[in-house]
Amino acid sequence: MSEIKITLPDGSVKHFEAGTSALQVAQSISEGLARNIIAAKVNGKVVDATLPILTDADLVLLKWEDQDGKRTFWHSSAHLLAEALEALYPGVKLGIGPAVETGFYYDVDFGDQKFTSEDFGKLENKMLELARTNSAYVRKEVSKAEAIQYFTEKGDEYKLELIEDLNDGEITFYSQGNFTDLCRGPHIPTTGFIKAIKITSLAGAYWRGNEKNKQLTRIYGVTFPKKSELDEYMVILEEAKRRDHRKIGKELELFTFSEKVGMGLPLWLPKGARLRECLVQFLQKAQVAAGYQPVITPHIGNKNLYITSGHYEKYGEDSFQPIKTPREGEEFFLKPMNCPHHCEIYKASPKSYKDLPVRYAEFGTVYRYEQAGELHGLTRVRGFTQDDAHLFVRPDQVKEEFCKVIDLVLYVFKSLDFKDYTAQISLRDPNNKTKYIGSDENWALAESAIIESAAEKGLNTVIELGEAAFYGPKLDFMVKDAIGRKWQLGTIQVDYNLPERFELEYTGSDNLKHRPVMIHRAPFGSLERFVAVLIEHCAGNFPLWLTPEQVIILPISEKYQEYAENLLNVLKKHDIRALIDDRSEKTGKKIRDAEMKKLPLMLIVGEKEQAENTVSVRKQGGEDLGSMSVESLVSWINKEIETQLN
RNA sequence: GCCGUUGUAGCUCAGGGGUAGAGCACUUCCUUGGUAAGGAAGAGGCCAAGGGUUCAAAUCCCUUCAAUGGCUCCA
C-alpha cells in the first residue's frame with residue numbers, strides 16, 4: 001500500500017495509507033471530532049467524509065458549523081425527505097432536491113395523490129423515524145445505461161430527463177435505507193446525524209423552472225443536528241414575522257397601499273413621510289459635504305431618450321407603455337431610471353478636465369413594470385425613489401471617487417446601526433470578454449480601482465467573476481440585519497456604456513476630446529426598500545434622530561394641559577418632533593399606548609413638574625431618566641442624536 | 001405572467017344557505033388619575049367586485065380584482 005500525505009488547515013502534515021477517508025483521518029485525531037464530521041473538503045472540493053482519498057491532498061474536515069457542512073447536511077436531508085415521501089405516498093415521482101440558503105426542498109409530482117400543509121406532521125415523523133435507523137448514505141458509480149434502466153423501471157421520467165444531460169462515467173447514485181437517488185453528492189455519513197426536522201412550506205414550482213413544463217409540488221424543509229438548534233430557528237422565524245415591515249408599517253402608520261391607486265404603488269402616511277424626509281435630509285447633507293450637486297429631472301422622458309440609452313431596446317416591452325401627446329403623437333415613458341436624464345444635464349454645457357469629477361445627485365422617483373407576482377411590501381414596488389447620483393469622472397479619478405463613495409455608504413450604514421456587512425465585487429468574465437463593452441484598458445483600470453478601493457477601505461469582500469453588468473464592474477453591499485438575515489442595499493457601478501451612447505465628452509489638458517467614465521451609486525438603493533430593511537432591522541424602534549415622533553407629553557390630568565402645551569412649543573422650537581396625549585385616560589394607559597407606538601421618550605407632567613417647571617422622563621422600555629428641566633432634556637436629546645450620527 | 005392560499009368594521013380576527021359578531025381603535029358621558037390596559041353608553045359593515053345556482057347567498061359555483069406563499073423576473 002502506498003502512502004499519502006494529508007495536509008490539514010493548520011499546515012500540519014500527516015501520513016496515511018492511500019484510500020484512507022476523511023472520517024478515518026478525523027478518528028486518528030479524536031473520536032469526538034470524528035462524531036461531528038459530516039463531510040470533507042479535499043483539495044477544495046466538497047466530498048463524502050467516507051470517500052477514500054487516493055492521493056496527497058489538502059484536507060478540511062467539515063462540521064455542521066461550516067457553510068459547506070450545512071449544505072451537505074441539508075442536501076442529505078432532502079434525500080431523507082424523498083425516502084419518507086416514497087414510503088408515505090407510493091408512486092410519487094421525484095424532480096430535484098437541492099439544499100438552499102436555509103434548509104432544502106424537493107420537487108415532487110404527487111400524481112393523483114393530495115399533499116397539504118396538514119400532512120407536514122406526518123411527513124416529519126416519518127423522516128425522523130427513518131433518520132433514527134441511522135442508515136449510511138452509500139455512493140455508487142453507475143454507467144449511464146444502468147442509470148437509465150433503474151429509473152425506467154422505477155418509472156421516474158424526471159430523473160431520466162436529468163440523466164439525458166449527463167455524461168457516461170460521471171454518474172453516481174446515493175442510497176440510504178430503501179431509497180436510491182441520482183446524485184452527485186456529497187452526503188453526510190448516516191441519517192442518524194439528522195435529529196430535528198421541520199417541514200416549513202409548500203409551493204408550486206415548474207419542472208426546471210420553465211412555465212411550459214408541468215408544475216410540481218415543492219416541499220421546503222429544514223433540519224438540524226440538535227433539537228435545540230431547531231428551537232432557536234423557530235424563535236428566529238417568529239421574530240422575523242414580528243419584525244415584518246408590512247406589519248410594523250401598518251401598526252406605526254408609516255405607509256399603506258390602495259387598490260384604487262394601484263398595486264405596488266406605496267402611499268406614504270404622514271409619519272412614514274416624516275421618517276423618509278429625515279433620511280433624505282440626512283443623506284443630502286452628507287452628499288453636499290462630499291461635493292455632490294442636487295439636480296431635479298421630470299418623471300417622464302421622451303422615448304428617444306431611452307432609445308439613445310439602450311434601455312428601450314432592452315426593457316421597452318416590459319415597461320409601462322408610453323403615453324402619447326394628443327396632437328403630435330409623441331411618445332413619453334415614465335422614467336424607469338435617472339441616468340439618461342443626468343447624462344443630458346452633463347451635456348448641457350461643455351466640460352473641461354478641470355471640471356471633473358461632476359457629481360449629480362437626485363432623489364429620483366422611477367416607475368418600473370414589475371410582474372404582479374413579484375410585488376412585496378416596500379421591498380418590491382412599481383414606483384420608488386432612488387437615492388441616485390451619477391459621477392462623471394476622468395479614468396484616472398475612478399479609484400479616488402470610488403473610495404469616496406465607499407466612505408459615504410459606510411457612513412450611512414454606521415448611522416443606521418448596520419454593523420455587519422460584506423461587499424460583493426462583480427467583475428467581467430475573463431474568458432468571455434465579448435459580452436462586455438468598453439476597452440480592455442478601461443476595464444482593467446476600473447476593476448483594479450474597485451478591488452484596490454475595497455482593500456484600502458478594509459472591506460470584507462467576495463469577488464464574483466462574470467457577474468459584472470455588460471457596461472461595467474460593480475460593487476454591491478450586503479448587510480446583515482439584527483436577526484442575521486442578509487439584504488442587498490447600496491450599490492456602486494462603473495459604466496462605460498452611457499457615456500458612449502450619449503457621446504459625453506470633456507476637453508483634456510491635451511486639448512483633445514475625451515470620454516468620461518460614469519459611476520452610478522445609491523447607498524440606500526431605494527428609499528422604499530431601505531425603509532423596509534430598516535424597519536425589520538430595528539423592529540420599528542428607530543434611532544432617535546430618525547423616528548417620526550420623538551417625544552410624547554403625558555399630562556397626568558387635564559389640569560396640566562396648558563403646561564403641556566407650553567412644553568410642546570419649547571420642544572418644537574428646538575425642532576424636536578413631539579406631541580401631547582391629551583385624552584382623558586390614566587397615566588398607565590397613556591404609557592402603554594406610547595410603548596406600543598414605540599415612542600422613544602415620554603414626558604410625564606403633573607402637579608410636581610408644573611410647580612418645579614420640570615418634566616419626568618421615561619424612556620421607551622421603562623428606564624427612568626428622572627426629572628429635569630425642558631432645556632436639559634433638549635440638550636440630552638441633541639447629544640444623543642449627535643452620538644448616533646457620528 | 002403561472003400555481004396554491006386568502007379577502008367579514010379603521011386594526012386583529014370569529015361565524016357561516018334564512019339578510020352580521022368579539023376585542024382594540026373611534027365618539028360621548030362618568031372618573032382628574034403618577035410610570036404598560038378605570039367604567040358606561042354609542043357610532044361604525046353592499047361580509048372585495050360582478051355574474052350564476054336557490055323561495056332565500058356574506059355563506060355554494062364561476063369570473064374579475066387585490067393581498068399572500070412560491071416559480072420565472074429585477075435596468
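Trainee: What is the N to O distance where the side chains of Lys-404 and Glu-400 meet in a salt bridge?

Mentor: It is 3.8 Å. The general idea is that side chains of opposite charge can pair when their charged atoms come close. Here, the term salt bridge asks for a side-chain nitrogen of Lys or Arg within 4 Å of a carboxyl oxygen of Asp or Glu. Before we go on, keep in mind that this is a predicted model, where local features need pLDDT of at least 70, side-chain atom pairs count only at pLDDT 80 or more, and totals for chains, interfaces and linings use all residues. Side-chain values use heavy atoms, without hydrogens and water, residues are numbered from 1 along each chain as its sequence is written, and chains are lettered from A and ligands numbered from 1 in the order in which they are written.

Trainee: Where do Lys-404 and Glu-400 sit?

Mentor: Both belong to helix α13 (residues 398-415), 4 residues apart, which is about one turn of the helix. Helices (H or I, at least four residues) and strands (E, at least two) are DSSP runs numbered from the N terminus. Lys-404 is partly exposed at 37% relative accessibility, and Glu-400 is partly exposed too, at 49%. For those words, buried means under 20% relative accessible area, exposed over 50%, and partly exposed in between, using a 1.4 Å probe on protein chains only. The pair also belongs to a network of salt bridges that links Arg-359, Glu-400, Glu-401 and Lys-404.

Trainee: How many salt bridges does a search of the whole structure find?

Mentor: The count is 36. Take Glu-86 and Lys-154, whose side chains meet at 2.6 Å, N to O. This pair links distant parts of the chain, with Glu-86 in helix α3 (residues 67-88) and Lys-154 in helix α5 (residues 144-154), 68 residues apart. Glu-86 is partly exposed at 21%, and Lys-154 is partly exposed at 30%.

Trainee: Are Asp-107 and Arg-218 buried or exposed?

Mentor: Asp-107 counts as buried at 2% relative accessibility, and Arg-218 counts as buried at 16%. Their side chains form a salt bridge of 2.7 Å, N to O. Asp-107 lies in strand β9 (residues 104-109) and Arg-218 in strand β14, so the pair ties together parts that are 111 residues apart in sequence.

Trainee: Now sheets. What is the strand order in the open sheet of 3 strands?

Mentor: In general, strands of a sheet pair through backbone hydrogen bonds, either parallel or antiparallel. Two strands count as paired if DSSP finds at least two bridges between them. In this sheet the order is β18-β20-β19, and the pairing is antiparallel. β18 (300-302) and β19 (323-324) are at the edges with a single partner strand each, so one side of each has no neighbour in the sheet.

Trainee: On to the RNA. How many residues surround RNA strand B?

Mentor: A residue is near a strand if one of its heavy atoms lies within 4 Å of it. For RNA strand B there are 48 such residues, and the closest are Tyr-206, Met-263, Glu-374, Ile-556 and Arg-592. Sugar and phosphate make up 46% of the RNA strand B atoms that come within 4 Å of the protein. The surrounding surface divides into 13 nonpolar, 15 polar and 20 charged residues.

Trainee: Which side chain has an N or O atom 2.8 Å from a base oxygen of RNA strand B?

Mentor: That is Glu-558. A polar side-chain atom of Ser-557 also lies 3.0 Å from a base oxygen, and one of Gln-371 lies 3.2 Å from a base oxygen. As for elements, α18 gives the most to the surface near RNA strand B, with 6 residues.

Trainee: And what does chain A contain as a whole?

Mentor: Chain A has 20 helices and 34 strands. Of its 646 residues, 50% are buried, and its C-alpha trace spans about 90 × 75 × 60 Å along the principal axes.

Key: Polar contact = N/O pair within 3.5 Å; in protein donor to acceptor, adjacent residues only side chain to side chain. Nonpolar A, V, L, I, M, F, W, Y, C, P; charged D, E, K, R; others polar.
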